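Student: I'd like to learn how to read salt bridges in a model like this one. Could you walk me through it?

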Amino acid sequence: MIPAHTRKKRGRKPLPEHLPRVEIIHDLPEEQKVCACGAALSRIGQDTCEKLDYVPAKVRVLRHIRYKYACKCCEGVEDDGPTVKIAPAPVQLIEKSMATDGLLAHIIVSKFADALPLYRQQKIFARLGVDLSRAAMANWVVQAAERCAPLIELLEQEIRSGPLIQMDETPLQVLKEPGRANTKTLADEALDYIGKLYQIEKLARESQMSIEQIHVLRQEKTQPILEAFEKWLQKTQPLTPPQGLLGIAINYALRNWDKLTVYTGDGRLKPDNNAAENAIRPFVLGRKNWLFAGAPNGADAAANFFSLIETARANGLEPHSYLRCLFEQLPIVKDPNEYRALLPQNIDPELISASRA
């Protein structure tokens with residue numbers, strides 16, 4: 001029996017330290033800073049409270065000015081090179097595009113991380129006084145995804161080189177059964193077994209156990225629960241309508257029992273694929289906006305950016321900051337090792353901070 005966990009009440013979380021602060025001073029008027037005895041009051045301290053404010057998004061135009069130089073003395077006749085010299089144009093991810101790295105990152109994160117379709121983004125930009133067509137934004141997304149192709153190839157290689165690969169299909173379905181109440185007593189029993197199994201996983205996670213320690217814990221605690229659960233399933237199967245939701249679940253569990261319990265033999269494995277399901281949730285939320293006019297390159301772009309964004313999240317990176325930094329670096333890298341250093345799991349956080357600044 002796993003002891004029940006007692007939850008501690010928590011107060012309001014402090015506001016993030018990285019957010020800029022604007023101090024608003026509230027002071028007494030001068031005439032109130034005098035005591036009844038006639039002496040001036042002395043300030044002995046202060047009370048401070050913080051409120052979270054929101055400043056609506058702003059767009060701006062970055063005007064690149066390239067100075068030109070020429071010799072007014074000889075007008076260039078003494079030089080074999082060009083008569084007029086000009087500062088080089090800044091490199092950018094998409095040649096001759098008016099979109100900056102920051103704008104590209106915003107559009108892509110809004111679409112693939114926040115499930116905000118391009119037609120809605122178009123309306124938001126319009127409210128800010130900017131006319132951006134869906135076609136133009138879709139074209140930028142596809143071109144940016146093509147520039148990220150070398151990174152995606154490296155990411156796929158790293159995924160396939162690992163000891164474990166977790167995956168889940170994208171279709172999700174919510175099922176409702178009118179007669180569910182008839183089997184609720186049995187369903188509660190099944191959930192009780194499952195709850196005990198997850199209490200053990202919670203213990204391992206909160207105790208920060210090593211892979212070996214998790215394996216030992218599962219052998220000692222999980223295995224007996226699973227054995228009892230399997231016997232319960234076998235006993236309950238004949239008593240449950242096979243076409244009902246509970247009957248389908250019981251039959252599925254027994255049919256795949258070896259696969260469902262394989263995690264007890266390896267501390268690296270999990271009892272479920274929740275990590276994969278959580279990672280594809282934005283994909284499901286935005287499924288109506290996956291493709292651009294049904295074009296295959298739109299589907300490729302979606303797959304590429306979902307992969308990069310969710311990998312960034314898994315590594316504790318803020319998606320917009322990561323993509324902005326990535327888009328700044330991609331035009332100047334060539335060597336495979338330089339590409340590999342830009343993967344979310346390898347990138348230098350200082351590089352992202354410098355880009356953000």
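Tutor: Happy to! A salt bridge is called when a side-chain nitrogen of Lys or Arg lies within 4 Å of a carboxyl oxygen of Asp or Glu. Keep in mind that this is a predicted model.

Student: How many salt bridges does that rule give here?

Tutor: The count comes to nine. They sit in a chain with 13 helices and two strands.

Student: Which residue forms a salt bridge with Glu310?

Tutor: Arg313 does, with N to O at 2.9 Å. Both residues belong to helix 10 (residues 296–314), and because they are three residues apart, about one helical turn separates them.

Student: Is Glu310 buried or exposed?

Tutor: Buried means under 20% relative accessible area. Glu310 has 15%, so it is buried, while Arg313, at 35%, is partly exposed.

Student: Where do Arg324 and Glu328 lie?

Tutor: You'll find them in helix 11 (residues 319–329), four residues apart, again about one turn of the helix. Arg324 is partly exposed at 27%, and Glu328 is partly exposed at 26%.

Student: What about Arg21 and Glu50?

Tutor: Their side chains meet in a salt bridge of 2.9 Å, N to O. This pair links distant parts of the chain: the two residues are 29 residues apart, both in the segment before strand 1. Arg21 is partly exposed, with a relative accessible area of 38%, and Glu50 is partly exposed at 37%.

Terms used: Residues are numbered from 1 along each chain as its sequence is written. This is a predicted model: local features need pLDDT of at least 70, side-chain atom pairs count only at pLDDT 80 or more; totals for chains, interfaces and linings use all residues. Side-chain values use heavy atoms; hydrogens and water are left out. Buried means under 20% relative accessible area, exposed over 50%, partly exposed in between (1.4 Å probe, protein chains only).
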